[in-house]
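Colleague: I have some labels to check. Can you take me through them?

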Amino acid sequence: MPKSVYIDIGNSFTKIKSSQRITTIDNHFFSLPSFEVDCDILVSCVSNNLLKLLPGKVKTLSAQKSYKSLQNGYENPTDLGIDRWMAMIAGYEILKGGGFIVIDAGTAITIDIVDQECKHTGGYILPGLRKTLNDFMKFKYDLESASNIPGKNTAEAWTNGVSAMISYSLDGLVRENMKLNDYQVLLTGG
């Protein structure tokens with residue numbers, strides 16, 4: 001029986017870690033599995049619609065003002081998405097301090113900057129690649145053949161245009177922030 005269960009409810013998928021096993025569930029089919037009464041259930045949730053499905057025995061995590069010497073840069077720290085805060089904590093722990101940009105590419109793409117003094121200086125949120133391709137215009141696309149060259153049909157032009165828009169945006173944002181400080185760049189996400 002697991003002592004702790006960790007649940008990460010994202011915009012599109014839910015990941016559940018229990019007894020060293022990780023399960024991924026599409027949020028359209030989400031329901032909380034039953035666990036033993038005496039285990040701790042910790043939940044990171046960015047989908048407010050799914051929060052109401054959680055029973056009272058779970059502990060829902062939220063961004064805090066600080067974690068060790070890492071400082072949340074939001075005026076109201078709990079307004080920062082828990083996904084972004086957890087990504088910054090992971091970066092902080094991996095690098096043993098500040099001086100990084102963390103890019104989390106999922107349903108949305110988030111970019112957060114943590115300076116050398118471990119202060120979150122802010123961030124950006126962009127629509128994710130697949131979300132943009134699926135929802136914006138309903139053109140057909142082929143991610144396997146995405147490149148930055150001009151497309152020779154509508155599917156190629158759409159796929160390559162959206163891919164270029166996101167990659168050039170990320171490149172530009174990282175370059176602009178690198179002018180201010182020498183950051184390490186961490187990339188994660190779906």
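What follows sets each label against its definition.

Modeller: First, the ground rules. This is a predicted model, where local features need pLDDT of at least 70 and side-chain atom pairs count only at pLDDT 80 or more, while totals for chains, interfaces and linings use all residues. Residues are numbered from 1 along each chain as its sequence is written, and side-chain values use heavy atoms, with hydrogens and water left out.

Colleague: Why is the pair of Y67 and Y92 called edge-to-face?

Modeller: Rings of Phe, Tyr and Trp (its six-membered ring) pair if their centres lie within 6.5 Å; planes under 30 degrees apart count as stacked, over 60 as edge-to-face and the rest as tilted. The centres of Y67 and Y92 are 5.9 Å apart and the planes stand at 85°, so the pair is edge-to-face. The structure holds one aromatic pair.

Colleague: Which parts of the chain does the pair link?

Modeller: Distant ones: Y67 is in strand β6 (residues 66-67) and Y92 in helix α2, 25 residues apart. Helices (H or I, at least four residues) and strands (E, at least two) are DSSP runs, numbered from the N terminus.

Colleague: What makes β10 and β11 edge strands?

Modeller: Two strands pair if DSSP finds at least two bridges between them. The open sheet runs β10-β9-β8-β11, with mixed pairing. Its edge strands, β10 (120-127) and β11 (184-188), each pair on one side only.

Colleague: How do you know that β8 and β9 pair?

Modeller: Strands β8 (residues 100-105) and β9 (residues 108-114) share six bridges, in the antiparallel sense. V102 stands opposite D112 in β9.

Colleague: Where does helix α2 lie?

Modeller: Helix α2 (residues 82-95) lies across β8, β9, β10 and β11, at about 135° to β8. Contact means heavy atoms within 4.5 Å. Axes are lines fitted to C-alpha atoms, for helices over the stretch in contact, and angles run from 0 to 180 degrees between N-to-C directions.

Colleague: What makes a space a pocket?

Modeller: On a 1 Å grid over the protein atoms alone, a pocket is an open set of points where a 1.4 Å probe fits, with protein on both sides within 12 Å along at least five of seven lines; lining residues have an atom within 4 Å of a point. The largest pocket holds about 1,400 Å³, a volume being the space filled by probe spheres set on the points, joined across faces, edges and corners. Of its 48 lining residues, D8, K15, D104, G189 and G190 are the closest to the centre. Helix α2 gives the largest share of the lining, seven residues.
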